[in-house]
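Here is a short briefing on a ligand site. Please keep the structure open while reading.

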Amino acid sequence: MNERVTTITMDIVESIRDVLRKHDVTFSEYRAGIMHLARTQGDGEIPLLVDVFFNSTIVEIENRARKGSKAAIQGPYFVPDVPHVNGELAIEASAKDLPKMVMRGKITDQDGKPVAGAVIDVWHSTPQGTYSGIEKHGDLDKKYYRGKISTDANGRYECKSILPVAYQIPNKGPTGMLLEEYMGGHSWRPAHIHYWVQADGKRDLISQAYFEGGEHIEDDCCNGGGTDFMVPEKYEGDVRVMEVDFVLDEAVASLEAAE
Ligand code: MBD
Ligand code: FE
């Protein structure tokens, strides 16, 4: 028995009941809703559906307490235990000639001191707008377009990859159908890079970066934080430079205990 689970579950139930009453929801609508959820579950899209609508709210709550860099949505496609990489993410042979980017930046603490030995998980979509290591997306090995990178003694990191492109969340399944067909919206996200920064004694930071000049930054189907996470357009030769610094908060003891 967990009091917090009980309280939150009953509040969810009560707020859904209010919505059902407000809209005079019928037997057949109720049953259609259940069937849509069942289809979403069958297609493995429950994490996607929930993230589309609610991940940004969790981010909002998380950011109330943050003094350093703000968190962004994580999305459903993080994969744990991917290889450490040295300077470059694995790229498929078929993608070798695509435009490149370099991710780099500095990690500091609240006092501006560099954080050495921080580990950053980075991940981004394939040129096809899918993610590696996700069963529903095909069988591309999880080593592609993902990796753990570490900061050096000066708190700096650097890693190359291909340039991610504008990205449509899976839009053929029940989540895409809900957004597009039933609700008349779209299923686009801005091209993005995901980050998960971890360092001893520091609060984890999950973030993203968007590309200045890219589409859907302020029109994101996942409400992803918009221009707050946009990186200015800059090139070195023909390589897009994604310079992203992170300022970490100190670890919060009560959060670690809760995990
Ligand atoms: C993604 O790639 C993503 O980043 C989010 C937040 C939701 C769905 C797919
Ligand atoms: Fe993503």
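A polar contact is a pair of N or O atoms within 3.5 Å; within protein, one must be able to donate a hydrogen and the other to accept it, and residues adjacent in sequence count only if both atoms are side-chain atoms. A polar side-chain atom of His 194 lies 2.9 Å from an oxygen atom of ligand 1. This is a predicted model: local features need pLDDT of at least 70, side-chain atom pairs count only at pLDDT 80 or more, and totals for chains, interfaces and linings use all residues. Side-chain values use heavy atoms, without hydrogens and water.

**Ligand contacts**
- The side chain of Arg 189 places an N or O atom 3.0 Å from an oxygen atom of ligand 1.
- For Tyr 167, the corresponding side-chain distance to a ligand 1 oxygen atom is 3.2 Å.
- Taken alone, ligand 1 exposes 260 Å², and the protein buries 99% of that (Shrake-Rupley method, 1.4 Å probe).

**Shell**
- Ligand 1 is surrounded by 13 residues (a heavy atom within 4 Å).
- Tyr 131 and His 192 are among the closest.
- The shell divides into eight nonpolar, four polar and one charged (Tyr, Cys and Pro are among those counted as nonpolar, Asp, Glu, Lys and Arg count as charged, and Gly is among the polar).

**Aromatic rings**
- The structure holds nine aromatic pairs (Phe, Tyr and Trp ring centres within 6.5 Å; planes under 30 degrees apart are stacked, over 60 edge-to-face, the rest tilted).
- Tyr 77, Tyr 131 and Tyr 167 form a cluster through ring pairs.

Terms used. Residues numbered from 1 in each chain as written. Chains lettered and ligands numbered in written order. Phe/Tyr/Trp six-rings, centres within 6.5 Å; stacked < 30°, edge-to-face > 60°.
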